[in-house]
Amino acid sequence: MIAFGRVAAVAAFGICLTIAAGRAATAHRTAVRAAPAAALDSNTFMTVDAAAKKVTIQLDAAYNSQNGGMNFNGGSKGDQTITVPLGWSVHIAFQNKDAIPHSAIILADHMPLPLQPDNPAIARAYTKDVTAGIPTDGTDTMDFTAQPAGNYLIVCGVPGHGPSGMYIKFVVSADAKAPQYAK
Ligand SMILES: [Cu+2]
């Protein structure tokens, strides 16, 4: 009975965490819904230095409760697209807002996604602890050059998360004149 009680307590604690996370996510959703109805406000996640040809992107894992928290900046299953001109410098600031670990790695836009990705399609385009994931509130940065031109995905590298829809699109474009963040 002692063991059962412990299991029950752990389960109850887990439920509390879930409820708390759900409330936080609801607050996020409300904020997002209040934004202009057009394309995603790129200023929310993207800062552009045109002179330096550098783009800084905030990448929040579990930004809200979209796809059960399996999202980046509220995007999942490829429903957001970040486009960067070929050759620009990219700085991505990753933060995990979830109760479970997540990571990020750039892969070729090719299905099916590997269950456990470990080889980035763009050099240096991955966070630390790609497979184990970065814990709650953990952060990391990645700096890389947007090349070669092509269609990619930013995917969570924790096994199973990518196939569960935790990915958004990332395009390196030879034609784009400026970065764009679209939903
Ligand atoms: Cu994940």
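Two residues are in contact if their C-beta atoms, placed from the backbone, lie within 7 Å. By that criterion, and not counting residues up to four places away in sequence, leucine 107 touches Leu113, Pro117, Ala121, Tyr152, Leu153 and Val155. The model described here is predicted.

**Confidence**

The average pLDDT of the chain is 84, and 77% of the residues score at least 70. Residues 1-38 stay under 50 in pLDDT, and the model has 13 contacts beyond four places in sequence for this stretch. Where pLDDT is low, the predicted coordinates should not be read in detail.

**Sheet**

An open sheet of mixed pairing is formed by 4 strands, in the order S1-S2-S4-S6. Strand S1 (46-49) and strand S6 (139-145) stand at its edges; each has a single partner strand, so one side of each is left without a neighbour in the sheet. From one strand to the next, the twist averages 15°.

Within this sheet, strand S2 (residues 54-61) and strand S4 (residues 89-96) run parallel and are joined by 8 bridges. Isoleucine 57 has isoleucine 92 in S4 as its bridge partner.

**Nonpolar core**

The largest nonpolar core has 40 residues, of which Ile105, Ile106, Leu107, Tyr152, Ile154 and Val155 touch the most other members. At least two residues of this core come from each of S2, strand S3 (81-85), S4, S5, S7 and strand S8 (167-173). S8 supplies the largest share, 5 residues. Leucine 107 is among the residues that touch the most other core members, and its contacts include Tyr152 and Val155.

**Backbone exceptions**

Most residues other than glycine have a negative phi, and most peptide bonds are trans. The table lists departures from this pattern.

| Site | Feature | Value |
|---|---|---|
| Methionine 111 and proline 112 | cis peptide bond | omega about 0° |
| Glutamine 147 and proline 148 | cis peptide bond | omega about -10° |
| Arginine 124 | positive phi | phi near 70° |
| Aspartate 129 | positive phi | phi about 50° |

Proline 148, in turn, lies in the loop between S6 and strand S7 (150-155).

**Surroundings of arginine 124**

Leaving aside neighbours within four places in sequence, arginine 124 is in contact with Met142, Asp143 and Phe144. Arginine 124 and threonine 145 are 21 residues apart in sequence, and their C-alpha atoms are 8.7 Å apart in space. Strand S6 covers residues 139-145 and stands at an edge of the sheet.

How values were computed:
Residues are numbered from 1 along each chain as its sequence is written. This is a predicted model: local features need pLDDT of at least 70, side-chain atom pairs count only at pLDDT 80 or more; totals for chains, interfaces and linings use all residues. Two strands pair if DSSP finds at least two bridges between them. Axes are lines fitted to C-alpha atoms, for helices over the stretch in contact, and angles run from 0 to 180 degrees between N-to-C directions. pLDDT is the predictor's confidence in each residue, from 0 to 100. A nonpolar core is a set of buried Ala, Val, Leu, Ile, Met, Phe, Trp, Tyr and Cys residues joined through C-beta atoms within 7 Å. A residue is buried if 20 or more other C-beta atoms lie within 10 Å of its own, exposed if 12 or fewer, and partly exposed in between; C-beta atoms are placed from the backbone.
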